[in-house]
Amino acid sequence: MNGQYASLLIALPLISAFFVPLIKGLGKKAVKYYLVAITALQTGIAAWVFQQVYTSGEPIIVMAGGWKPPVGINLYIGHFAALFVLIVAAVSFMMAVFSIRAVEVEPIDKYAMLFLLLMLGATGMIATGDLFNLFVFMEITSITAYALTAYNKTGEAAEASMKYIILGGIGSSFFLIGVALIYGATGTLNMAHLAQLAGAIDPTVAQVGLALIVFGLAVEAELFPLNAWAPDAYQAAPHPITAMFSAFVVKAGLYAMARLLYIMQAAESWSSVLKMLVIMATLTVFVAEFAALRQRNVKRMIAYSSIAQIGLIALAFALGTQAGVDAGVFHMVNHAIVKALLFLAIGHVAVTLGGTSLEHFEGLGKRMPLTAFAITVGAVAAVGIPLFNVFWSKLRILLATLGAGYTWAAALVLIASVVEAVYYFRLIHTMWFAGEGGRIGEGVAVSVILLVLVALVIVIGVYPDYAWSIAQKAGSDIFNVAQYVKNVPLMGVGA
Amino acid sequence: MISVYYFGAITLILIGLYAVLVKKNLLKILIGLSIMETGVNLLLVSVGYVAGKSAPILSEGIGPAQAVDPIPQALVLTAIVIGVATTAMALSVAIILHEKYGTLNVEEIRRLRG
């Protein structure tokens, strides 16, 4: 089949979001099942794209309107994008199933629309090959994220959303200034064309532009000075949305950051921006892990843990070596699985028992054994115990960090991992060895999803080689810019 | 010498940033955000300005050679709409905040902590 059909990845959620008000006439249940059907279809398309890209080894380039880049906008679905589009779609599907039980606040039609647009925005951010198009998709993602954070209509939700809006507004303004500077210096917005011209930019302009772009994306990607919104938003948002934030919205921001960094690697002042990012990422890991230690609300605790893991990924991307980028991609995949599992299970507990403070988790092992088991696997995996998936990616990130010569960063990250173990084992202890209670029904659909995710965690943990080979291919998609430029059929304009 | 447009745009951005960082009233912060967005848009448009050229509309006597760079104008058009959408979203959240907390002082809106 023609690769141009991959544009359905963008078109399908957009069109189906517009049809939600029509479906609403059929009743509230219909909207929820419609959401499940569309996300299932999206997963199917994403799986087809994934299979196409990984069997042929060639990226799919979608050209908007038949204009060749850099005149038209192109989507670049290489190894990385194919992998993450699949993850975005699969996580969305799972959360759509979870939403049937978890979301009871009216109005459901707006929820469904925003849900689809959030999926659209993340997919677009990952697939696009154009700088300004990236900005537009980033804004689609963040505006839907603002709205979904405030969806519960409590004071806390509005407060969290407001913090997010203000920081996100500053971030997107900075991003746009960076785009203006880089456009002013090169006269192009296409990433492949930009990579060709990057070497010739005035180093100061490149440095300031790139730093502003990294700074702007750091709001979406939750890096240290700009992540104050994240734990609030995670705590106050509806439970399925929290899982989506952690599993792919942040990843999209991180990926965009990594892609732009490596596109510009020919610029002279490149390494100073990388050094800034290493410091930001290490501080993110360190601060977030210590903040998680003193949380009494479990959802907020996992939110801080999620931020710390993101810092680890950013550290891997900022090393500027092939090994680091591969390890970062591997950790992105593993973290998406583990955090989807954890937030799903914790959301499930909150929906069933009515809260996420630590007291609600007492005796969970006796009341909801399957969910407690899923949380335990997720927690043990997140700490990085051997035979679970995160162990392999954390190990690779540490090795890559040492390989790049940042011993202090590796040491700080290791210390933070010890702290992480402390609060996760406290949670496990509370679930299994404290409190009493009778069994509560756990719901078939959510249990099946939890078991699938647990199986993924353990299978990747025991047989990491296949997942690692995929991560390596996806990593070289980001790192190997020469190949990226060669893959995009640039028209002979300008330089 | 720095062009007056660049200077003005950067000044607007800094004024907006100042308002966001210093003001305590939520609405003033949102005004600051809007000013900042305006500054960014002005910067984008001035990047595409070519001295002595006219608007990029093909009509009698004006060919492609006499036009300023049209791309930043398309970018700004998009960015303005996005800015308005963000502002509308923020204002509706501000209304909910005022309903639930009875104040718009950002120092008193502090239920989530830790």
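Tutor: Let us begin with a term: a residue is buried when its relative accessible area is under 20%, exposed when it is over 50%, and partly exposed in between, using a 1.4 Å probe and protein chains only. This is a predicted model, in which local features need pLDDT of at least 70 and side-chain atom pairs count only at pLDDT 80 or more, while totals for chains, interfaces and linings use all residues. Residues are numbered from 1 along each chain as its sequence is written, chains are lettered from A and ligands numbered from 1 in the order in which they are written, and side-chain values use heavy atoms, with hydrogens and water left out.

Student: OK, is B:Asn41 buried or exposed, then?

Tutor: B:Asn41 is buried, because its relative accessible area is 12%. This residue sits in helix H2 of chain B, where helices (H or I, at least four residues) and strands (E, at least two) are DSSP runs numbered from the N terminus.

Student: And what is B:Asn41 in contact with?

Tutor: Setting aside neighbours within four places in sequence, B:Asn41 is in contact with A:Leu176, B:Val76, B:Ala79 and B:Ile80, where contact means heavy atoms within 4.5 Å.

Student: Where is B:Thr38?

Tutor: B:Thr38 is also placed in helix H2 of chain B, which covers residues 26–47, but B:Thr38 is partly exposed, with a relative accessible area of 45%.

Student: Which residue forms a salt bridge with A:Asp109?

Tutor: A:Asp109 pairs with A:Lys24, and their closest N and O atoms are 4.0 Å apart. A:Asp109 lies in helix H4 of chain A and A:Lys24 in helix H1 of chain A, so the pair ties together parts that are 85 residues apart in sequence. A:Asp109 counts as buried at 9% relative accessibility, whereas A:Lys24 is partly exposed at 43%.

Student: What about chain B, which residue does B:Glu107 pair with in a salt bridge?

Tutor: B:Glu107 forms a salt bridge with B:Lys24, with the closest N and O atoms 3.7 Å apart. This pair links distant parts of the chain, 83 residues apart, as B:Glu107 is in the segment after helix H3 (71–101) of chain B and B:Lys24 in the loop between helix H1 (4–22) and H2 of chain B.

Student: Back to chain A, where does H1(A) bend?

Tutor: H1(A) bends by about 35° at A:Phe18, and a proline, A:Pro21, follows within four residues; the bend is the angle between axes fitted to the seven residues ending at a position and the seven starting there. Among the buried residues of H1(A) are A:Leu9, A:Ile10 and A:Val20, and what covers the buried residues includes helix H2 (28–56) and strand S2 (74–77) of chain A.

Student: Last one, where does A:Glu222 lie?

Tutor: A:Glu222 lies in the loop between helix H8 (203–221) and helix H9 (229–236) of chain A, and it has a positive phi of about 60° although it is not a glycine. A:Glu222 is buried, with a relative accessible area of 0%, yet it has no salt bridge, and the nearest side chain of opposite charge, A:Lys251, is 8.4 Å away. For charge, Lys and Arg count as positive and Asp and Glu as negative, while His and the chain ends are not counted. Not counting residues up to four places away in sequence, A:Glu222 touches several residues, including A:Trp229, A:Tyr234 and A:Ile307.
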